[in-house]
Amino acid sequence: MRDRRHPMFERNMLMKVFGYIFIAFWAVYLMMLGFMCYQMFDGGGHEAFDMVDGGMIFILALDFFLRFAMQETPAQDIKPYKLSPIPIRFLLNVFLVRMGLRIYNFFWFFFLVPFALFAVVKFYGIIGLLSYLLGWWFLFVINSYWYLLCRTFVNRNVYFILLPIAIYALLIYFGIFSEPAWLFDACVWIGRLFVTCNPLMYLLFFALAIPLFLINRKLQYHSIYTEISSTERAVKVKPLEMHALERFGEVGEYLKLEIKSTMRNSVIRKQFLTGFYCMLLFCLLFAFTDIYDAMPFMRIYICVYCFSCLGVMTLTVIMCAEGNYIDGLMVRKENILSLLKAKYYFNCALMLVPLLISLFPIFKEKMTIIDALGCMFFTSGVVMPFLFQLAAYNDSTIHLNQRITKSGRSTKVQMIFSSIALFLPMLIMYTLMNFWGERTAALIMMAMGLLGTILHPLWLRNIYNRFMNHRHQIMDGFRNSR
Amino acid sequence: MNITIENLTKHFGDKTALDIDRYDIHSGDIIGLLGNNGAGKTTLFRILLDLLHADSGTATIHGKLDDGTYVSYNTAQSEDWKHYTGAFVDTGFLIEYLTPEEYFSFIAKVNGISSETLAERLKPFDSFMNGEVVGRNILIRNLSMGNQQKVGIIGAMLSHPRVLILDEPFNFLDPSSQLAMKYLLESYNKETEATIIVSSHNLAHTFDICTRATLLEHGRILMDYNKDYASLTSDIEKYFKGNAF
């Protein structure tokens, strides 16, 4: 009911349809993958389901990180009930059970059902199939509670994201790729428990799920009180003059706003830092390792990603922070256009970081300056104009400084745009490189990018005009979601 | 500047939020917009400021500029009126992560006001700010509601607008600040001959400062009297008493 009665529920039917198409696309993709996995692994040394079960840790790791876009913590839901006579612990139980029963925990069934239909039924019949799926569902429920645990810590400090990354990396490295591959064997054994309907699987499930449930309950209980009682102290802030930006006139003022917003709002800061660290990670991986060297296509793609990943992570919510004070901006002429320009220049300036880091692979002759500039301009002239289009669609405010709200929850349209921004360059580059080779592809990318970059006043004006055409709808959305 | 409203309607579902056939506000007027909750005061402000889409009708700001040029702007079709208008409706006008000084400086810069002029324009607000707004290096979001209200009101007046729109400006203000607010509005009106529209639930303050009072009910204008109308106070008070008991 909460979702249905949300003011944004009835909005934008077209985007909802796109959202369903997006889900349908992934469903079909996973179903095909399930069938392909069966074909690939059938007839080998192991049964096909053993092979998939052996790689269970990969699926669970992927599932875990996908949940960051899909799942909130119950503390975010409980605040409205805080003053009701219902005990908080009871509410927590309800919300935690609801988390376990979420429909998202069935998402991987798009992959598992077609796979198991071929791989499991012929050996263990329908009962084996149902037991197999039940076993996997148990795993996703456990993963969901494990995610909640981590997410609560990540909400407190973004660096806690390193904990699950390290755990999954160590498990995969020492359990799968090292000898003996004990994790692979253990996962195969668990899979066998599933298909044989072994009661031990229930025992294992409860042995893991109950402690996780209880730890989560305790942690969430404390986090609710911590979050509710924590108010930002009225600390004195250092005045930030930034006189250097004054030479850019009104746009300079918005550049100052952009910088201050990033520095002083915890939600924006976290979002920016997450993107910035991702960008650094990709840059360093690209510059100082040789994992992408063997594949020219991947090398260029990762190079584009070094430049664009920060933009993809921050620009998908473009204007959502401004939703908090959109009325104040809208009563001044063409403020939004200056704001968009400032955002563009801010994001372009940030690309100097990957450009500087890319000097290392250039010196090591892993790539040329043309490649690096091609990727940079491709981002500023193709990827960014695409992401900036969201300024004319985003109409949901993100809270600037409150952890307890659903800040940062992506809408379907944002997910679609970020997915396209990630995969479209791959498609374009793949096509270009196949037709004209690596060097010419880099030059074409640079030409496309330069054109888009030079024409930025035009496409920003176009976005501004479209924003103004839908301004009342957008402002309604911002106000309703404040 | 004058404001003319014609056939303006706004519905939220089956509820009529605004239904005004014609309403003329003359240059230099101080209008007090009165009405119970849901009467349509804020909706009228939002439509005037083009923050809300009207189902039908127009709001036009028109009049002579200092150089004698006559201008007329339909607020939904042009942005030029924004040069001559200042407004504060709610905290959605405030950039909460700035200090008041930074906010004033931002407004000044985007309105082409120099730092020296800004300092001069802030002087009349000294007693209104009462030492609690500037000079503390505290973000707007960490100020009390009253002080946030002051920042919003000052922000709306900084550019010396020809049309000033304030939604419930006396809210959250302590009695001293309310009196200072009344003085500021009256003197601003005298000095600049600006058109001022304020909505308020405080009848006494409204009657004190306004040259004209308009009473709204369910989006319709129920009473519209000039200050010199003898039974202005009693008629409006009678209306509110009638609604209360």
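Two residues are in contact here if their C-beta atoms, placed from the backbone, lie within 7 Å. Keep that cut-off in mind. What you see above is a predicted model.

Start with two helices of chain A. Helix α8 of chain A covers residues 162-177, and helix α9 of chain A covers residues 182-195. Their axes come within 5 Å and cross at roughly 85 degrees. α8(A) and α9(A) are therefore roughly perpendicular to each other.

Which residues meet? From α8(A), we have Leu171(A), Gly175(A) and Ile176(A). From α9(A), they meet Trp182(A), Leu183(A) and Phe184(A). That contact of α8(A) with α9(A) divides into 5 nonpolar residues, 1 polar and no charged.

Next, helix α12 of chain A, residues 266-288. This helix has 23 residues. From first C-alpha to last, α12(A) reaches 32 Å, close to the 33 Å expected at 1.5 Å a residue. Which of its residues are buried? In α12(A), they are Val267(A), Ile268(A), Gln271(A), Met279(A), Phe282(A), Cys283(A), Phe286(A) and Ala287(A).

Now the cores. In soluble globular proteins, nonpolar side chains tend to be buried together. In this model, the largest nonpolar core has 141 residues. Among those with the most contacts inside it are Cys306(A), Leu340(A), Phe388(A), Ile95(B) and Tyr103(B). Which helix gives the most to this core? Helix α13 of chain A, residues 296-315, with 11 residues.

Look at Leu340(A). Leaving out residues up to four places away in sequence, Leu340(A) touches Phe388(A), Ala391(A), Leu460(A), Ile463(A) and Tyr464(A).

Another core, of 43 residues, lies apart from the largest one. Leu60(A), Phe95(A), Leu183(A) and Val195(A) are among its residues.

Technical notes. Residues are numbered from 1 along each chain as its sequence is written. Chains are lettered from A and ligands numbered from 1 in the order in which they are written. This is a predicted model: local features need pLDDT of at least 70, side-chain atom pairs count only at pLDDT 80 or more; totals for chains, interfaces and linings use all residues. Axes are lines fitted to C-alpha atoms, for helices over the stretch in contact, and angles run from 0 to 180 degrees between N-to-C directions. Helices (H or I, at least four residues) and strands (E, at least two) are DSSP runs, numbered from the N terminus. Angles under 35 degrees count as roughly parallel, over 145 as roughly antiparallel, 65 to 115 as roughly perpendicular and the rest as oblique. Ala, Val, Leu, Ile, Met, Phe, Trp, Tyr, Cys and Pro count as nonpolar, Asp, Glu, Lys and Arg as charged, and the others, Gly among them, as polar. The expected span of a helix is 1.5 Å times one less than its number of residues. A residue is buried if 20 or more other C-beta atoms lie within 10 Å of its own, exposed if 12 or fewer, and partly exposed in between; C-beta atoms are placed from the backbone. A nonpolar core is a set of buried Ala, Val, Leu, Ile, Met, Phe, Trp, Tyr and Cys residues joined through C-beta atoms within 7 Å.
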